[in-house]
Amino acid sequence: RPSLYPSVISNTSKEMSAFSDFPFPEHFPVFLPNALLLDYLRRYAERFSLREHISIRKSPDFATTEQWNVITETGGMQTLHICDAVMVCSGNMSEPSLPLQSFPGIERFRGQYFHSRQYKHPDVFQGKRVLVVGMGNSGVDIAVEASRVAAKVTISTTRGAWLLSRVFEHGYPWDMVLNTRFMSLIKTNLPAPLSWWLMNYKVNRWFNHENYGLQPEKSWQVREPVLNDDLPSYILTGRITVKPGVKEFKDNSVLFHSCPEEEPIDIIVFCTGYIISFPFLEESEVRVENKHASLYKYVFPTHLQKPTLAVLGLIKPLGAIMPVAEMQARWVSRVFKGLCQLPSQSVMEKEVNEKKKNQVQWFGLTFDEVLKTEWLVYLDTLASFIGAKPSVLGLLFTDPWLALTIFFGPCSPYQFRLGGPGRWVGARQAILTQWDRVLK
(Lines give C-alpha, C1' and ligand atoms only; values in the text may rest on other atoms or scores of the structure.)
Protein backbone atom coordinates (compact mmCIF):
# COMPACT_ATOMS: atom_id res chain seq x y z
CA ARG A 1 0.00 0.00 0.00
CA PRO A 2 1.41 3.42 -0.94
CA SER A 3 0.70 5.03 2.45
CA LEU A 4 -1.32 4.55 5.60
CA TYR A 5 -2.62 8.11 5.65
CA PRO A 6 -3.96 10.26 2.82
CA SER A 7 -1.82 13.39 2.83
CA VAL A 8 1.66 11.88 3.20
CA ILE A 9 4.09 12.58 0.38
CA SER A 10 6.31 9.82 -0.98
CA ASN A 11 9.97 9.85 0.05
CA THR A 12 11.37 9.00 -3.38
CA SER A 13 10.95 11.04 -6.56
CA LYS A 14 8.74 9.91 -9.42
CA GLU A 15 11.65 9.35 -11.82
CA MET A 16 13.39 7.02 -9.35
CA SER A 17 10.16 5.27 -8.28
CA ALA A 18 8.73 4.47 -11.70
CA PHE A 19 8.41 0.99 -13.10
CA SER A 20 11.11 0.62 -15.71
CA ASP A 21 8.85 0.65 -18.78
CA PHE A 22 6.11 2.96 -17.51
CA PRO A 23 7.17 6.55 -16.60
CA PHE A 24 4.89 8.67 -14.43
CA PRO A 25 2.68 11.18 -16.28
CA GLU A 26 4.57 14.43 -16.93
CA HIS A 27 2.06 16.58 -15.06
CA PHE A 28 2.51 14.63 -11.80
CA PRO A 29 4.64 16.43 -9.16
CA VAL A 30 8.19 15.26 -8.43
CA PHE A 31 7.23 13.78 -5.03
CA LEU A 32 3.79 12.23 -5.09
CA PRO A 33 0.98 12.52 -2.56
CA ASN A 34 -0.61 9.21 -1.63
CA ALA A 35 -3.60 9.70 -3.95
CA LEU A 36 -1.45 10.25 -7.06
CA LEU A 37 0.82 7.30 -6.27
CA LEU A 38 -2.27 5.10 -6.01
CA ASP A 39 -3.51 6.56 -9.29
CA TYR A 40 -0.21 5.59 -10.93
CA LEU A 41 -0.47 2.01 -9.65
CA ARG A 42 -3.99 1.76 -11.06
CA ARG A 43 -2.83 3.10 -14.42
CA TYR A 44 -0.04 0.52 -14.43
CA ALA A 45 -2.48 -2.29 -13.61
CA GLU A 46 -4.78 -1.19 -16.43
CA ARG A 47 -1.94 -0.73 -18.93
CA PHE A 48 -0.67 -4.27 -18.40
CA SER A 49 -4.06 -5.93 -17.66
CA LEU A 50 -3.24 -6.96 -14.10
CA ARG A 51 -6.79 -6.71 -12.66
CA GLU A 52 -7.96 -10.30 -13.07
CA HIS A 53 -7.20 -12.85 -3.97
CA ILE A 54 -5.04 -16.22 0.32
CA SER A 55 -3.95 -19.45 2.14
CA ILE A 56 -0.98 -21.29 0.67
CA ARG A 57 -0.09 -24.92 1.38
CA LYS A 58 1.99 -27.56 -0.32
CA SER A 59 -0.16 -29.94 -2.32
CA PRO A 60 -0.53 -33.45 -0.84
CA ASP A 61 1.72 -34.82 -3.60
CA PHE A 62 4.25 -31.96 -3.39
CA ALA A 63 7.19 -34.38 -3.26
CA THR A 64 6.46 -35.47 -6.83
CA THR A 65 4.56 -32.53 -8.38
CA GLU A 66 6.14 -29.63 -6.40
CA GLN A 67 2.82 -27.78 -6.74
CA TRP A 68 1.02 -25.49 -4.29
CA ASN A 69 -2.60 -25.31 -3.17
CA VAL A 70 -3.66 -21.65 -3.06
CA ILE A 71 -7.04 -20.80 -1.54
CA THR A 72 -8.43 -17.37 -2.39
CA GLU A 73 -11.57 -15.74 -1.04
CA THR A 74 -13.83 -13.26 -2.82
CA GLY A 75 -17.23 -12.20 -1.54
CA GLY A 76 -17.20 -14.98 1.05
CA MET A 77 -16.63 -17.69 -1.58
CA GLN A 78 -13.42 -19.72 -1.43
CA THR A 79 -11.69 -21.08 -4.51
CA LEU A 80 -8.86 -23.61 -4.71
CA HIS A 81 -6.09 -23.04 -7.26
CA ILE A 82 -3.38 -25.55 -8.09
CA CYS A 83 -0.21 -23.53 -8.82
CA ASP A 84 3.19 -24.53 -10.13
CA ALA A 85 4.83 -21.53 -8.44
CA VAL A 86 3.91 -18.76 -5.99
CA MET A 87 5.15 -15.20 -5.46
CA VAL A 88 4.53 -13.75 -1.98
CA CYS A 89 4.36 -9.94 -2.29
CA SER A 90 3.14 -8.82 1.15
CA GLY A 91 6.25 -6.76 2.00
CA ASN A 92 7.43 -6.04 5.52
CA MET A 93 4.70 -3.74 6.91
CA SER A 94 1.74 -6.03 7.53
CA GLU A 95 1.83 -6.96 11.26
CA PRO A 96 2.48 -4.07 13.68
CA SER A 97 5.07 -4.49 16.43
CA LEU A 98 3.70 -3.08 19.70
CA PRO A 99 6.09 -4.10 22.52
CA LEU A 100 4.05 -2.69 25.41
CA GLN A 101 6.10 -4.74 27.89
CA SER A 102 9.02 -2.41 27.13
CA PHE A 103 7.10 0.62 28.45
CA PRO A 104 6.66 0.50 32.25
CA GLY A 105 3.35 1.90 33.50
CA ILE A 106 1.49 1.70 30.18
CA GLU A 107 -1.20 -0.46 31.82
CA ARG A 108 -2.28 2.43 34.05
CA PHE A 109 -2.22 5.12 31.37
CA ARG A 110 -5.77 6.51 31.10
CA GLY A 111 -5.42 8.19 27.72
CA GLN A 112 -5.62 6.71 24.23
CA TYR A 113 -2.78 4.86 22.53
CA PHE A 114 -2.40 3.00 19.22
CA HIS A 115 0.17 1.83 16.66
CA SER A 116 0.99 4.08 13.69
CA ARG A 117 -0.64 1.55 11.35
CA GLN A 118 -4.05 2.56 12.78
CA TYR A 119 -3.53 6.26 12.06
CA LYS A 120 -5.62 7.70 9.23
CA HIS A 121 -6.28 11.41 9.81
CA PRO A 122 -4.92 14.15 12.12
CA ASP A 123 -8.40 15.14 13.36
CA VAL A 124 -7.99 12.58 16.15
CA PHE A 125 -5.32 14.88 17.65
CA GLN A 126 -7.46 18.06 17.71
CA GLY A 127 -6.52 20.05 20.83
CA LYS A 128 -4.69 17.06 22.39
CA ARG A 129 -1.23 16.66 23.90
CA VAL A 130 0.40 14.03 21.69
CA LEU A 131 3.41 11.78 22.25
CA VAL A 132 4.95 10.01 19.24
CA VAL A 133 7.21 7.14 20.28
CA GLY A 134 9.80 6.39 17.62
CA MET A 135 11.54 8.43 14.98
CA GLY A 136 11.29 6.64 11.69
CA ASN A 137 9.60 8.13 8.64
CA SER A 138 6.12 7.26 9.91
CA GLY A 139 6.76 8.80 13.33
CA VAL A 140 8.03 12.08 11.94
CA ASP A 141 5.24 12.31 9.34
CA ILE A 142 2.58 11.74 12.00
CA ALA A 143 4.19 14.24 14.38
CA VAL A 144 4.27 16.92 11.69
CA GLU A 145 0.64 16.32 10.72
CA ALA A 146 -0.47 16.22 14.37
CA SER A 147 1.29 19.48 15.20
CA ARG A 148 -1.04 21.39 12.89
CA VAL A 149 -4.08 20.62 15.06
CA ALA A 150 -2.74 19.37 18.41
CA ALA A 151 -2.12 21.47 21.52
CA LYS A 152 1.39 20.00 21.85
CA VAL A 153 3.44 17.30 20.09
CA THR A 154 6.46 15.50 21.51
CA ILE A 155 8.68 12.95 19.76
CA SER A 156 10.45 10.40 21.96
CA THR A 157 13.54 8.80 20.43
CA THR A 158 16.15 6.53 21.95
CA ARG A 159 18.43 6.52 18.90
CA GLY A 160 17.98 9.79 17.05
CA ALA A 161 18.08 9.94 13.26
CA TRP A 162 19.79 11.50 10.29
CA LEU A 163 17.28 13.85 8.69
CA LEU A 164 17.29 14.64 4.98
CA SER A 165 15.15 17.02 2.96
CA ARG A 166 13.46 15.93 -0.25
CA VAL A 167 14.75 19.23 -1.63
CA PHE A 168 18.46 18.45 -1.83
CA GLU A 169 21.51 20.18 -3.30
CA HIS A 170 20.62 23.04 -5.67
CA GLY A 171 16.94 22.24 -5.12
CA TYR A 172 16.99 18.86 -6.86
CA PRO A 173 15.32 15.70 -5.47
CA TRP A 174 17.57 13.94 -2.94
CA ASP A 175 17.51 10.51 -4.57
CA MET A 176 18.31 11.84 -8.05
CA VAL A 177 21.44 13.44 -6.57
CA LEU A 178 22.59 10.57 -4.33
CA ASN A 179 21.52 7.46 -6.25
CA THR A 180 23.88 7.62 -9.20
CA ARG A 181 26.46 5.10 -10.38
CA PHE A 182 29.22 7.61 -9.71
CA MET A 183 28.04 8.18 -6.13
CA SER A 184 27.56 4.46 -5.57
CA LEU A 185 31.17 3.87 -6.59
CA ILE A 186 32.30 6.45 -4.02
CA LYS A 187 29.99 5.20 -1.26
CA THR A 188 31.17 1.62 -1.46
CA ASN A 189 34.92 2.24 -1.84
CA LEU A 190 35.95 5.13 0.43
CA PRO A 191 38.18 4.41 3.47
CA ALA A 192 36.19 4.43 6.74
CA PRO A 193 37.58 7.70 8.23
CA LEU A 194 37.00 9.63 5.01
CA SER A 195 33.54 8.16 4.51
CA TRP A 196 32.60 9.00 8.11
CA TRP A 197 33.67 12.63 7.60
CA LEU A 198 31.80 12.86 4.28
CA MET A 199 28.60 11.43 5.73
CA ASN A 200 28.65 13.86 8.67
CA TYR A 201 29.37 16.75 6.32
CA LYS A 202 26.51 15.84 3.99
CA VAL A 203 23.81 15.29 6.61
CA ASN A 204 24.79 18.31 8.74
CA ARG A 205 24.92 20.82 5.88
CA TRP A 206 21.19 21.45 6.25
CA PHE A 207 21.37 21.88 10.05
CA ASN A 208 23.46 20.61 12.97
CA HIS A 209 21.67 17.49 14.23
CA GLU A 210 23.15 17.73 17.72
CA ASN A 211 21.67 21.19 18.27
CA TYR A 212 18.21 19.82 17.51
CA GLY A 213 18.48 16.73 19.73
CA LEU A 214 18.52 14.43 16.70
CA GLN A 215 22.14 13.22 16.57
CA PRO A 216 22.02 9.39 16.31
CA GLU A 217 23.13 7.69 19.51
CA LYS A 218 25.55 5.38 17.69
CA SER A 219 26.33 7.79 14.92
CA TRP A 220 29.11 5.68 13.41
CA GLN A 221 26.40 3.21 12.36
CA VAL A 222 24.55 4.42 9.31
CA ARG A 223 20.81 4.24 9.76
CA GLU A 224 18.03 4.68 7.25
CA PRO A 225 17.66 8.47 6.89
CA VAL A 226 14.36 10.12 7.74
CA LEU A 227 12.92 12.24 4.91
CA ASN A 228 11.01 15.29 6.07
CA ASP A 229 11.13 18.93 5.04
CA ASP A 230 9.19 20.40 7.97
CA LEU A 231 10.64 18.94 11.18
CA PRO A 232 13.58 21.38 11.75
CA SER A 233 11.36 24.46 11.36
CA TYR A 234 8.66 22.89 13.54
CA ILE A 235 11.24 22.30 16.27
CA LEU A 236 12.45 25.90 15.94
CA THR A 237 8.90 27.27 16.25
CA GLY A 238 8.05 25.01 19.21
CA ARG A 239 5.36 23.03 17.42
CA ILE A 240 7.32 19.81 18.05
CA THR A 241 9.60 18.94 20.97
CA VAL A 242 12.21 16.14 20.87
CA LYS A 243 12.76 14.09 24.04
CA PRO A 244 14.86 11.02 24.94
CA GLY A 245 13.40 7.54 25.45
CA VAL A 246 10.41 6.84 27.68
CA LYS A 247 11.28 5.86 31.26
CA GLU A 248 7.76 5.36 32.62
CA PHE A 249 4.11 6.17 31.95
CA LYS A 250 1.79 7.54 34.64
CA ASP A 251 -2.02 7.92 34.66
CA ASN A 252 -1.99 10.91 32.31
CA SER A 253 1.67 11.78 31.91
CA VAL A 254 5.06 10.40 30.89
CA LEU A 255 8.53 10.51 32.40
CA PHE A 256 11.55 10.53 30.05
CA HIS A 257 15.09 9.37 30.73
CA SER A 258 17.38 12.21 31.86
CA CYS A 259 14.35 14.47 32.37
CA PRO A 260 13.18 14.98 35.99
CA GLU A 261 9.76 16.51 35.22
CA GLU A 262 6.68 14.59 34.10
CA GLU A 263 5.01 15.70 30.87
CA PRO A 264 1.19 15.54 30.60
CA ILE A 265 -0.12 13.65 27.53
CA ASP A 266 -3.50 12.60 26.14
CA ILE A 267 -2.61 10.36 23.18
CA ILE A 268 0.36 8.07 22.45
CA VAL A 269 1.24 6.92 18.93
CA PHE A 270 3.64 3.97 18.95
CA CYS A 271 5.75 4.10 15.77
CA THR A 272 7.59 0.95 16.75
CA GLY A 273 7.85 -0.83 13.43
CA TYR A 274 6.55 -4.14 12.18
CA ILE A 275 6.94 -7.87 12.67
CA ILE A 276 7.79 -9.89 9.60
CA SER A 277 5.14 -12.60 9.26
CA PHE A 278 3.44 -14.75 6.67
CA PRO A 279 0.17 -15.92 8.29
CA PHE A 280 -1.04 -17.56 5.07
CA LEU A 281 2.09 -19.76 4.82
CA GLU A 282 3.11 -22.72 6.89
CA GLU A 283 5.84 -21.65 9.32
CA SER A 284 8.38 -24.05 7.85
CA GLU A 285 8.19 -22.52 4.36
CA VAL A 286 9.80 -19.16 5.22
CA ARG A 287 11.76 -19.15 8.46
CA VAL A 288 11.90 -15.73 10.18
CA GLU A 289 14.24 -14.95 13.06
CA ASN A 290 15.40 -11.61 14.44
CA LYS A 291 13.49 -9.67 11.75
CA HIS A 292 15.25 -11.63 9.03
CA ALA A 293 13.91 -14.31 6.71
CA SER A 294 16.34 -16.92 5.41
CA LEU A 295 16.02 -15.97 1.75
CA TYR A 296 18.66 -16.02 -0.98
CA LYS A 297 19.04 -12.48 -2.31
CA TYR A 298 16.06 -11.60 -0.07
CA VAL A 299 13.83 -13.64 -2.41
CA PHE A 300 14.17 -17.46 -2.50
CA PRO A 301 13.84 -19.87 0.47
CA THR A 302 17.03 -21.92 0.52
CA HIS A 303 15.60 -25.24 1.71
CA LEU A 304 13.27 -26.07 -1.20
CA GLN A 305 14.52 -28.64 -3.66
CA LYS A 306 13.08 -26.65 -6.55
CA PRO A 307 12.54 -22.86 -6.58
CA THR A 308 8.74 -22.66 -6.77
CA LEU A 309 8.19 -20.14 -3.97
CA ALA A 310 9.53 -16.56 -3.93
CA VAL A 311 9.13 -13.58 -1.59
CA LEU A 312 9.10 -10.09 -3.12
CA GLY A 313 9.50 -6.73 -1.38
CA LEU A 314 10.91 -8.05 1.92
CA ILE A 315 13.83 -5.64 1.81
CA LYS A 316 14.71 -2.08 2.88
CA PRO A 317 16.76 -0.49 0.12
CA LEU A 318 18.07 3.08 0.41
CA GLY A 319 15.89 4.12 -2.49
CA ALA A 320 12.54 3.47 -4.12
CA ILE A 321 11.01 0.07 -3.42
CA MET A 322 8.95 -0.26 -6.62
CA PRO A 323 11.88 -0.69 -9.05
CA VAL A 324 13.42 -3.21 -6.63
CA ALA A 325 10.23 -5.28 -6.40
CA GLU A 326 9.90 -5.11 -10.18
CA MET A 327 13.46 -6.35 -10.71
CA GLN A 328 12.85 -9.16 -8.23
CA ALA A 329 9.73 -10.14 -10.18
CA ARG A 330 11.61 -10.12 -13.50
CA TRP A 331 14.28 -12.41 -12.04
CA VAL A 332 11.80 -14.70 -10.28
CA SER A 333 9.66 -15.18 -13.39
CA ARG A 334 12.71 -16.34 -15.34
CA VAL A 335 13.77 -18.69 -12.55
CA PHE A 336 10.25 -20.16 -12.49
CA LYS A 337 10.42 -20.68 -16.26
CA GLY A 338 13.82 -22.36 -16.03
CA LEU A 339 15.61 -19.60 -17.97
CA CYS A 340 17.77 -18.63 -14.95
CA GLN A 341 19.41 -21.09 -12.58
CA LEU A 342 20.01 -20.62 -8.86
CA PRO A 343 23.29 -21.77 -7.25
CA SER A 344 23.43 -24.87 -5.08
CA GLN A 345 21.62 -24.97 -1.74
CA SER A 346 24.89 -24.83 0.19
CA VAL A 347 26.04 -21.70 -1.66
CA MET A 348 22.72 -19.96 -1.04
CA GLU A 349 22.67 -20.87 2.67
CA LYS A 350 26.24 -19.62 3.08
CA GLU A 351 25.30 -16.22 1.63
CA VAL A 352 22.17 -15.97 3.80
CA ASN A 353 24.25 -16.65 6.92
CA GLU A 354 26.75 -13.98 5.88
CA LYS A 355 23.90 -11.46 5.53
CA LYS A 356 22.91 -12.16 9.14
CA LYS A 357 26.32 -10.86 10.17
CA ASN A 358 25.10 -7.50 8.93
CA GLN A 359 27.85 -6.50 6.54
CA VAL A 360 25.87 -4.11 4.35
CA GLN A 361 27.83 -0.91 3.82
CA TRP A 362 27.03 2.65 2.79
CA PHE A 363 29.74 5.31 2.64
CA GLY A 364 31.98 2.46 3.86
CA LEU A 365 30.02 2.10 7.12
CA THR A 366 27.94 -0.77 8.45
CA PHE A 367 24.16 -0.82 8.72
CA ASP A 368 22.46 -2.09 11.86
CA GLU A 369 19.57 -3.96 10.24
CA VAL A 370 19.82 -7.02 8.02
CA LEU A 371 17.09 -6.02 5.55
CA LYS A 372 18.79 -2.75 4.60
CA THR A 373 20.86 -2.85 1.46
CA GLU A 374 22.55 -0.56 -1.04
CA TRP A 375 19.88 0.18 -3.64
CA LEU A 376 21.91 0.34 -6.85
CA VAL A 377 24.26 -2.54 -5.99
CA TYR A 378 21.27 -4.80 -5.36
CA LEU A 379 19.49 -3.74 -8.57
CA ASP A 380 22.64 -4.34 -10.60
CA THR A 381 23.10 -7.78 -9.03
CA LEU A 382 19.63 -8.98 -9.99
CA ALA A 383 19.81 -7.29 -13.39
CA SER A 384 23.05 -9.16 -14.15
CA PHE A 385 21.24 -12.47 -13.46
CA ILE A 386 18.78 -11.81 -16.29
CA GLY A 387 21.11 -9.94 -18.67
CA ALA A 388 19.48 -6.52 -18.11
CA LYS A 389 22.37 -4.67 -16.44
CA PRO A 390 23.53 -1.80 -18.69
CA SER A 391 27.15 -1.80 -19.80
CA VAL A 392 28.48 1.74 -19.34
CA LEU A 393 31.82 0.81 -20.91
CA GLY A 394 30.15 -0.74 -23.94
CA LEU A 395 27.88 2.28 -24.41
CA LEU A 396 30.91 4.61 -24.34
CA PHE A 397 31.83 3.32 -27.78
CA THR A 398 28.33 3.14 -29.27
CA ASP A 399 26.38 5.88 -27.48
CA PRO A 400 28.76 8.03 -25.39
CA TRP A 401 26.17 10.64 -24.37
CA LEU A 402 23.88 7.91 -23.02
CA ALA A 403 26.83 6.26 -21.23
CA LEU A 404 27.78 9.49 -19.45
CA THR A 405 24.16 10.16 -18.52
CA ILE A 406 23.84 6.67 -17.05
CA PHE A 407 27.07 6.94 -15.04
CA PHE A 408 26.88 10.50 -13.70
CA GLY A 409 23.11 11.01 -13.78
CA PRO A 410 20.35 9.45 -11.67
CA CYS A 411 20.07 5.69 -11.89
CA SER A 412 16.46 5.78 -13.01
CA PRO A 413 14.85 2.34 -13.56
CA TYR A 414 14.66 2.83 -17.33
CA GLN A 415 18.36 1.86 -17.45
CA PHE A 416 17.34 -1.75 -16.89
CA ARG A 417 15.21 -1.84 -20.05
CA LEU A 418 17.98 -0.84 -22.50
CA GLY A 419 18.74 -4.49 -23.24
CA GLY A 420 18.06 -8.04 -22.21
CA PRO A 421 14.65 -9.69 -21.77
CA GLY A 422 11.79 -7.22 -21.72
CA ARG A 423 13.82 -4.63 -23.61
CA TRP A 424 11.81 -1.41 -24.07
CA VAL A 425 12.42 0.75 -27.15
CA GLY A 426 11.49 3.90 -25.21
CA ALA A 427 14.13 3.37 -22.51
CA ARG A 428 16.85 5.55 -24.06
CA GLN A 429 14.50 8.47 -24.61
CA ALA A 430 13.08 8.12 -21.08
CA ILE A 431 16.61 8.36 -19.62
CA LEU A 432 17.64 11.37 -21.69
CA THR A 433 14.44 13.26 -20.85
CA GLN A 434 14.19 12.41 -17.12
CA TRP A 435 15.27 15.89 -15.98
CA ASP A 436 12.76 17.47 -18.38
CA ARG A 437 9.93 15.64 -16.59
CA VAL A 438 11.29 16.70 -13.19
CA LEU A 439 11.56 20.37 -14.15
CA LYS A 440 8.14 20.35 -15.78
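**Exercise 1. A salt bridge across the sequence**

Glu248 has a relative accessible area of 24%, which means that it is partly exposed. The model is predicted. Which residue forms a salt bridge with Glu248, and which parts does the pair tie together?

*Solution.* 
- Step 1. Find the partner. Arg108 forms the salt bridge with Glu248, and the closest N and O atoms are 2.6 Å apart.
- Step 2. Glu248 sits in strand E12 (residues 246–249), and Arg108 in the loop between strand E5 (95–96) and strand E6 (112–115), so the pair ties together parts that are 140 residues apart in sequence.
- Step 3. Class the partner. Arg108, at 34% relative accessibility, is partly exposed.
- Step 4. The whole structure holds 17 salt bridges.

**Exercise 2. Two further pairs and a network**

Where do Asp229 and Arg166 lie, and where do Arg205 and Glu169 lie?

*Solution.* 
- Step 1. Take the Asp229 pair. Asp229 forms a salt bridge with Arg166, with 3.0 Å between the closest N and O atoms.
- Step 2. Locate the two ends. Asp229 is in the loop between strand E10 (226–227) and helix H8 (231–236), while Arg166 is in the loop between strand E9 (163–164) and helix H5 (174–178). The two are 63 residues apart, and the pair links distant parts of the chain.
- Step 3. Class the ends. Asp229 is partly exposed at 26% relative accessibility. Arg166 is buried, at 8%; the cut-off for buried is under 20%.
- Step 4. Take the Arg205 pair. Arg205 forms a salt bridge with Glu169, and their closest N and O atoms are 3.3 Å apart.
- Step 5. Locate these ends. Arg205 is in the loop between helix H7 (192–204) and E10, and Glu169 is in the loop between E9 and H5, so parts 36 residues apart in sequence are tied together. Glu169 is partly exposed, with a relative accessible area of 23%.
- Step 6. Salt bridges link Asp21, Glu326 and Arg417.

**Exercise 3. A three-stranded sheet**

What is the order of the strands in the open sheet of three strands, and why is one side of E1 and of E3 left without a neighbour in the sheet?

*Solution.* 
- Step 1. Read the order. It is E1-E2-E3, and the pairing is antiparallel.
- Step 2. Find the edges. E1 (55–58) and E3 each have a single partner strand, so one side of each lacks a neighbour in the sheet. From one strand to the next, the twist averages 20 degrees.
- Step 3. Count the bridges. E1 and E2 pair over four bridges. Strand E2 (residues 68–74) and E3 pair over seven bridges.
- Step 4. Follow one residue. Asn69 of E2 has Arg57 opposite, and Asn69 also stands opposite Ile82 in E3.
- Step 5. Two residues lie between E2 and E3, and Gly75 in the turn has a positive phi of about 60 degrees.
- Step 6. Compare the cover. In strand E3 (residues 77–83), the count of buried residues is zero among seven. Trp68 belongs to E2 and is buried at 0% relative accessibility.
- Step 7. The C-alpha atoms of Trp68 and Ala85 are separated by 6.9 Å, and the two residues are 17 residues apart along the chain.

**Exercise 4. The span of helix H9**

What span should the 16 residues of helix H9 have at 1.5 Å a residue, and which residues of H9 are buried?

*Solution.* 
- Step 1. The expected span is 1.5 Å times one less than the number of residues. For H9 (residues 321–336) this gives 22 Å.
- Step 2. Check the model. The end C-alpha atoms of H9 are 22 Å apart, which agrees.
- Step 3. List the buried residues. They are Met322, Pro323, Val324, Glu326, Met327, Gln328, Arg330, Trp331, Val332 and Val335.
- Step 4. Look past the end. Gly338 follows H9 and has a positive phi, near 85 degrees.

**Exercise 5. A nonpolar patch**

Which residues make the nonpolar surface patch of about 810 Å², and which elements give two or more residues to the patch?

*Solution.* 
- Step 1. Name the members. They are Phe182, Leu393, Leu396, Phe397, Trp401, Leu404 and Phe408.
- Step 2. Assign elements. Helix H12 (392–398) and helix H13 (400–408) each give two or more residues.
- Step 3. Leu393 lies in H12. Its relative accessible area is 60%, so Leu393 is exposed; the cut-off is over 50%.

Conventions:
Residues numbered from 1 in each chain as written. Predicted model: local features only at pLDDT ≥ 70, side-chain atom pairs only at ≥ 80, totals over all residues. Heavy atoms only, no water. Buried < 20%, exposed > 50% of the residue type's maximum accessible area, 1.4 Å probe, protein only. Pairing = 2+ DSSP bridges. Axes fitted to C-alpha atoms, helices over the stretch in contact; angles between N-to-C directions. Patch = residues over 30% accessible without salt bridge, like charges linked within 9 Å, V, L, I, M, F, W, Y side chains within 5 Å. Areas by Shrake-Rupley, 256 points an atom, 1.4 Å probe, with all protein chains shown as cover. Salt bridge = Lys/Arg side-chain N within 4 Å of Asp/Glu carboxyl O.
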